[in-house]
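Welcome! Here is a short tour for anyone meeting this protein for the first time. Have a look at the model, and then we will walk through it together.

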Amino acid sequence: MTLLLKLAVRGERVRSAVWILAVVLLGAGLVSYIQGYFTTPEALRTYARVISANPIFLGLGGPVTEPSVGAMAAWRSGGLLFLLTAWMALTIVIRHTRAEEESGRQELMLSGMIGRAAPLTAALVTAAGAALLAGALTSAVLIAIGMEAAGSLAYGAAITVAGWVFAAVGAVTSQLAQAARTATTLGLLVLGVSYVLRYLGDASGVSLLTRLSPLGWSHLVRPYGTDRWWVLIVSLVATAVLLVLAYGLSARRDLDSGLLPVRPGPATGPYLTGPFSLAWRLQRGMLAKWAVGVTAAAALFSSLSSVAPRLAKQPGWVLDAFLQRYGGPSGDPVDAYLWIIVLLLAYTVALYPVLATLRLHQEEHSGHAEALLSTAVSRLRWAVAHLVVGALGTLVLLALGGFVTGLVYTLIMGEPAVGRMLQAALEHVPAAWLVGAVAAFAVGVLPRVSVALSWTVWGVVIVVGDLMGPLIGLWGWSRIEPFHYTPNTVSGEPFSAAPMTVILALAALLTAAALIRLRSRDLG
């Protein structure tokens, strides 16, 4: 048990440190932003009234308990910090249980004097420790910069229990699924449903939806306000129930098997005629799941566009700041909201080419690529097939998101918007391809750190981008990410091909460098 715990901690020392650092910096950064932007109590009270009167804002972070710096900072960052910590803990557990079992390493370790439950316990302790460290460091930093101690401790505790709940969720999905990819998909599905329930509950005022969400339980702690410490008991009880279920399922199943039935593949593969058809076969399931998620998100956020005109009735400085950031030449609050939807879809879909490209690393790491390349298939054809499928999938997802957004808006508002929303979404394709090209460069040139580097690049793009960067005080940093240079055609900004041409050229150069290096280096 001790040896497994040391191995898990060693394996997470860099990856989890990045997650924890992101949580702490975001938590502290939002406090600095609130203090710098809302300098008077009256400004804070006005901002709190604006949030309370707008369902879109309420959905972002829930109700504002009081117009204080701490409460406003927790409202701005809480939803993101709870989500990040839960995601981190979920993937840690799956990585050190189901992924290790799938690779065969866990069977080798269990052949020694190690109990059957030891790997799961080590993974859970590692994930719980990472979540605890994220919450504790966030509390310590907030107290150090002058925030109220009780509220800071409640905030840190809410961050921690969000991670604990989803560490337990990861433990359960690791027993249900036979593959780490499936276990991760199930866990992220639970996480996504939890976030949507919480968002809808806070936006609509139906508190039952928030109470049904594991992420909603952390929001209900209300740090820097009522400090409901007793709500933490709900998360702890849910964690305990899930852990009992996970250990019970672990004892019932055979090693390297899952409790969910695995659908056998076809006896023949008449359509597997080459590397492109194989790449499509391997990635079509992920693309289908992404398509469902993008469709649901686009429909959900576009359906809220009817409340966007209320922004025009807000205090002048609030409206001016909103329009300055997102309004573009038209200065229309509805156009600004539609542009936010496009940005949200674009930044999210930029993860898809990263995941599709990292499939190359997975195939290489598992040994499947070596077996395939022992045939007449060349390395170049194998790699290009996965990159092309990933690039086309990115194009399809952004087109789907833009089309659904425009269609739902047209049905609700009665104004035609399909064409311009589709155009705005497709204009982000080159930037998303560039993020995927960085992942391709990492796989081809720096395979040992390709996963960490690819995720880090996408995370940096998200954090400093036009959607999140200004919200956490990172003014001007968006110039280092490609989406910043996509024109806001939704609000009337003229289309320019020059920045897209440069972005496409950079993507092509990175991809070419990756393919050249991949042809000459050793696999594995």
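## A buried threonine

Let us begin with a single residue. This is a predicted model, and in it Thr210 has a relative accessibility of 3%, so it counts as buried, the cut-off being under 20%. Thr210 belongs to helix α11, which covers residues 207-211.

What is Thr210 in contact with, once its neighbours within four places in sequence are left aside? On one side of the numbering there are Leu197, Arg198, Gly201 and Asp202, and on the other Gly216, Trp217 and Leu220.

## A buried tyrosine

Our next stop is Tyr347, in helix α16 (residues 333-349). Tyr347 has a relative accessible area of 2% and is therefore buried. Not counting residues up to four places away in sequence, Tyr347 touches Trp458, Val461, Ile462, Gly465, Asp466, Leu467, Glu481 and Phe483.

Another pair to find in the model is Tyr347 and Val435: they lie 88 residues apart along the chain, and their C-alpha atoms are separated by 9.9 Å.

## The protein as a whole

Now let us step back. The protein has 23 helices and 0 strands. Its C-alpha atoms fill a box of roughly 65 × 55 × 40 Å along the principal axes. A compact globule of 524 residues would have a radius of gyration near 24 Å, and the 23 Å of this protein agrees with that.

Thr210 and Tyr347 are both buried, and buried residues make up 50% of the 524 residues. Among contacts with a separation of 6 or more, 76% are between residues 24 or more positions apart.

## Helices α5 and α10

Two packed helices are described by the angle between their axes and the distance between the axes. Helix α5 (residues 69-95) and helix α10 (residues 180-204) pack at about 155°, with axes 10 Å apart. That angle makes α5 roughly antiparallel to α10, since the cut-off for this is over 145 degrees. Their crossing is right-handed.

From α5, the contact uses Leu83, Ala86, Trp87, Leu90 and Ile94, while α10 brings Ala180, Ala183, Thr184, Gly187, Leu188 and Leu191. Sorted by class, this contact has 9 nonpolar, 2 polar and no charged residues.

## Helix α19 and its partners

Helix α19 (residues 379-413) packs with helix α17 (residues 351-366) at an angle of about 160°, the axes being 8 Å apart. The two are therefore roughly antiparallel, and their crossing is right-handed. On the α17 side, the contact is made by Tyr352, Pro353, Ala356, Thr357, Arg359, Leu360, Glu363 and Glu364. On the α19 side, Trp382, Ala383, His386, Leu387, Val389, Gly390, Gly393, Thr394 and Leu397 take part. The classes here are 9 nonpolar, 5 polar and 3 charged residues.

How do α19 and helix α20 (residues 418-426) pack, and what is the angle? It is about 155°, with the axes 8 Å apart, so α19 and α20 are roughly antiparallel to each other. The crossing is right-handed. In α19, Leu395, Leu398, Ala399, Gly402, Phe403, Thr405, Gly406, Leu407, Tyr409 and Thr410 meet Val418, Arg420, Met421, Leu422, Ala425 and Leu426 of α20. This contact divides into 11 nonpolar, 4 polar and 1 charged.

Notes
Residues are numbered from 1 along each chain as its sequence is written. This is a predicted model: local features need pLDDT of at least 70, side-chain atom pairs count only at pLDDT 80 or more; totals for chains, interfaces and linings use all residues. Side-chain values use heavy atoms; hydrogens and water are left out. Axes are lines fitted to C-alpha atoms, for helices over the stretch in contact, and angles run from 0 to 180 degrees between N-to-C directions. Helices (H or I, at least four residues) and strands (E, at least two) are DSSP runs, numbered from the N terminus. Angles under 35 degrees count as roughly parallel, over 145 as roughly antiparallel, 65 to 115 as roughly perpendicular and the rest as oblique. A crossing is left-handed if the near helix is turned anticlockwise from the far one by less than a right angle, and right-handed if clockwise. Contact means heavy atoms within 4.5 Å. Ala, Val, Leu, Ile, Met, Phe, Trp, Tyr, Cys and Pro count as nonpolar, Asp, Glu, Lys and Arg as charged, and the others, Gly among them, as polar. The radius of gyration is taken over C-alpha atoms; the globule rule is 2.2 Å times the number of residues to the power 0.38. Buried means under 20% relative accessible area, exposed over 50%, partly exposed in between (1.4 Å probe, protein chains only).
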